[in-house]
Amino acid sequence: MEYFVLDGPFALGATGRSKPVGGTEATFTVTAVGPGWVYADTTHLPGAQLIVHHEATAATPGSLVTLTGFLEGPHEVTLAAEIGAGLQDALERDLASLVWLLESRNHSGVEPGHGIA
């Protein structure tokens, strides 16, 4: 991602803007917030929505971090063909960033569930 900007505080229903490297800016909405490190956002694209679910849970050793993304809407197949490779790269970078955030927060003494932003 070139950028991912919240328009206000992180919370269910929060909105923002994101722009993939080499792509077009799109708006998103935070569509789920769970306990600990769980949240989802929905990016509004022409003809489809990109739903991305982020979750980190305790595991032995460390944490299990998952990121699931999918397109939904009347143009999901066309969009998948157009942006699929770039989207895969962006999701992999997003996952790496989430892992980095969790590791740096845990090393600084901040516990999961006390804010994602």
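The largest pocket in this structure, a predicted model, holds about 610 Å³ of space. Several elements contribute to its lining: β1 (3-6), β3 (26-34), β4 (37-45), β5 (48-58) and α1 (76-107) each give two or more residues. The helix α1 gives the most, with 9 residues. In total 26 residues line the largest pocket, and those lying nearest its centre are F4, Y39, H54, D94 and S97. Sorted by class, this lining has 19 nonpolar residues, along with 3 polar and 4 charged ones.

The second largest pocket holds about 400 Å³ of space. It is lined by 20 residues, and P20, G23, T24, L45 and I83 are the closest to its centre. Here β4 and α1 each supply at least two residues of the lining. The largest share again comes from α1, which gives 6 residues to the second largest pocket, as α1 also gives the most to the lining of the largest pocket. By class, the lining of the second largest pocket has 11 nonpolar, 7 polar and 2 charged residues.

The elements named so far belong to a chain with 1 helix and 6 strands. Among contacts between residues at least 6 apart in sequence, 28% join residues that are at least 24 apart.

How much of the chain is buried? Of its 117 residues, 27% count as buried. The chain exposes about 6,900 Å² of surface, and carbon and sulfur atoms supply 60% of that area.

T43 has its place in strand β4, an element that supplies residues to the lining of the largest pocket and to that of the second largest pocket. Is T43 buried or exposed? T43 counts as buried because its relative accessible area is 7%, and the cut-off for burial is under 20%. Leaving aside residues up to four places away in sequence, T43 touches S18, A26, T27, F28, A48, Q49 and L50. Of these neighbours, A26, T27 and F28 fall within the span of β3 (26-34), while A48, Q49 and L50 fall within that of β5 (48-58).

Notes. Residues are numbered from 1 along each chain as its sequence is written. This is a predicted model: local features need pLDDT of at least 70, side-chain atom pairs count only at pLDDT 80 or more; totals for chains, interfaces and linings use all residues. Side-chain values use heavy atoms; hydrogens and water are left out. Helices (H or I, at least four residues) and strands (E, at least two) are DSSP runs, numbered from the N terminus. Buried means under 20% relative accessible area, exposed over 50%, partly exposed in between (1.4 Å probe, protein chains only). Contact means heavy atoms within 4.5 Å. Accessible areas come from the Shrake-Rupley method with a 1.4 Å probe; for residues, only the protein chains shown count as cover. On a 1 Å grid over the protein atoms alone, a cavity is a set of points where a 1.4 Å probe fits but cannot get out, and a pocket is an open set with protein on both sides within 12 Å along at least five of seven lines; lining residues have an atom within 4 Å of a point. Grid points are joined across faces, edges and corners, and a volume is the space filled by probe spheres set on the points. Ala, Val, Leu, Ile, Met, Phe, Trp, Tyr, Cys and Pro count as nonpolar, Asp, Glu, Lys and Arg as charged, and the others, Gly among them, as polar.
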